[in-house]
Amino acid sequence: MAGTGKSTISRTIAQELAEKKRLAASFFFTRGKKDISHSRMFFTTIAAQLANSLPVLRTPISDAIGNNPDIFKQGLREQWNQLILNPLKNAPTQSIQLVVVIDALDECDSMQDIQLILQLLEEAKDLKTVRIKIFLTSRPEIPIFDGFRQLSGEAYQDFILHNIPLDTVNADISTFFLQKLSPLKAKHGLGTPWPDEGIIEQLVERAAGLFIYAATTLRFIEDGIDGPEEQLSLVLHATKSSRSITKHLDGLYATLLQHSVLRKWDSQECEQLAGRFRQVVGSIVIMFNIMPARNLAQLLQIPFKMVSRTLDSLRSVLNVPENESQPVRLFHLSFRDFLQDSQRCSDSRFQIDGKERHTSLFRNCMEHISQLQENMCDLWGPGVLITEIPDDTIQKSIPLHIQYACRYWLDHWRLGNPVEEDIKAIRQFLEQHLLHWLEGLSLIGEVSNGVHMIIALEEILSVSFIVYYFVQRTVLTYNRDNWGTTI
């Protein structure tokens, strides 16, 4: 399935299937969220839910884990075969047909994994005992198309949302506007009719079949400072920023940015506000993992109030939780696409230069990890195991923004526009803080990623001697002291 609104549909279907007790398992990929932006936990999560949905699978899945305790670290094919396919093959015949829901496969961060997942899922069609159907949603991206092309014709059926008759979509969007705007009329004591039939028709026409336009418009009208009538007027007078299919959505995004971020400030203040927007929102757009606003401010090394003010003005397009411990995220990836496309976002003040942002975040990360020290958790003696350290101790000693810096500094460097000074900073970091960085990675359970990063460094920077020397010293140090880790 492809098209706008796929996530809403898949979540609705999953809920309905669960109510009918036909939902076997579900997995919702989300780019930027650590555990669900990649495939490493995909089949293990599906297996756990299958064991819960089908009691007859609990013993074979449990046995598979007992026979191979390292299965969680192995590849997708091994996990699929041992945790899912083999238990399903050997299960008693079931009369009920169950469904697995997989949402936004295109948001998985590995294109190779996407195609492999599709190949493995096809094998479910040959099951004889338990009948499993898979409902999968995705944007129509090339790796997805290529993956389906390699499947046999009888293995799948596709349904393209864009092929739904426009009259049907428009009727749904019209109903959405009528139902959602009516409470605002009562709340604000607006005259009748508001909005009238003509305004609803204009909004539906501008949506052009894109539900995200309707949802964003509603949030903008609801959350606006100037009241729903003025906010609606701004929407109706939004300029069309391009000739593409998203022209009205682009015009809406441009209008809400100019109104919410810049408002009526003078040119100098507008430039400062736009610069802060590019720094804060631009970081959210390209970061590999989302985080709460306070941690974001710490990562960017700017006052929390500045971050908070920037985010509060953009609640139409950003989910900014009232609970400050919850991460900030985009409502829809179309906003990210808009900001990074100069053809769609014609106002250069809001355009996000990905390479520039990656470079800036790399430098922020380097400043943080260059302050790491030995024994960050103040462990009480040699021989302490990671499992013996309370989670709150680790979180307090290594807060989220430091964890992020430890994990992703090299990714930002590789995707940015580094200069010679940045390479010098990496070399200096390796000379002074490699041990501390590896200790930090170990404490947050990311030491395996650290190994891959070191291998990448050796290839990119030709620092084999430095890496070899310091890794050897690291191993000797940790073997001698056994400071709460195993390397």
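Guide: Let us begin with a cysteine, Cys-365, whose sulfur lies 8.9 Å from the closest cysteine sulfur, that of Cys-406, which is too far for a bond. This is a predicted model, in which local features need pLDDT of at least 70 and side-chain atom pairs count only at pLDDT 80 or more, while totals for chains, interfaces and linings use all residues. Residues are numbered from 1 along each chain as its sequence is written, and side-chain values use heavy atoms, with hydrogens and water left out.

Visitor: How many disulfides does the structure hold?

Guide: A disulfide is a pair of cysteine sulfur atoms within 2.5 Å. The sulfurs of Cys-365 and Cys-406 are 8.9 Å apart, too far for a bond, and Cys-406 is in no disulfide. For the structure, the number of disulfides is 0.

Visitor: Is Cys-365 buried or exposed?

Guide: A residue is called buried under 20% relative accessible area, exposed over 50%, and partly exposed in between, using a 1.4 Å probe and protein chains only. The relative accessibility of Cys-365 is 0%, so Cys-365 counts as buried.

Visitor: How many aromatic pairs does a search of the whole structure find?

Guide: Rings of Phe, Tyr and Trp (its six-membered ring) pair if their centres lie within 6.5 Å; planes under 30 degrees apart count as stacked, over 60 as edge-to-face and the rest as tilted. With this rule, the search of the whole structure gives a total of 16.

Visitor: Why is the pair of Phe-43 and Trp-80 classed as it is?

Guide: The ring centres of Phe-43 and Trp-80 are 5.4 Å apart. Their planes stand at 45 degrees, so the class is tilted.

Visitor: How many residues apart in sequence are the parts that Phe-43 and Trp-80 tie together?

Guide: Helices (H or I, at least four residues) and strands (E, at least two) are DSSP runs, numbered from the N terminus. Phe-43 belongs to helix α2 (residues 42-53) and Trp-80 to helix α4 (residues 76-89). The pair therefore ties together parts whose separation in sequence, in residues, is 37.

Visitor: Which residue has its ring under the charged end of Arg-294?

Guide: A charge sits over a ring if NZ of Lys or CZ of Arg is within 6 Å of the ring centre and within 35 degrees of the ring normal. The charged end of Arg-294 is 3.9 Å from the centre of the ring in question, which belongs to Phe-304.
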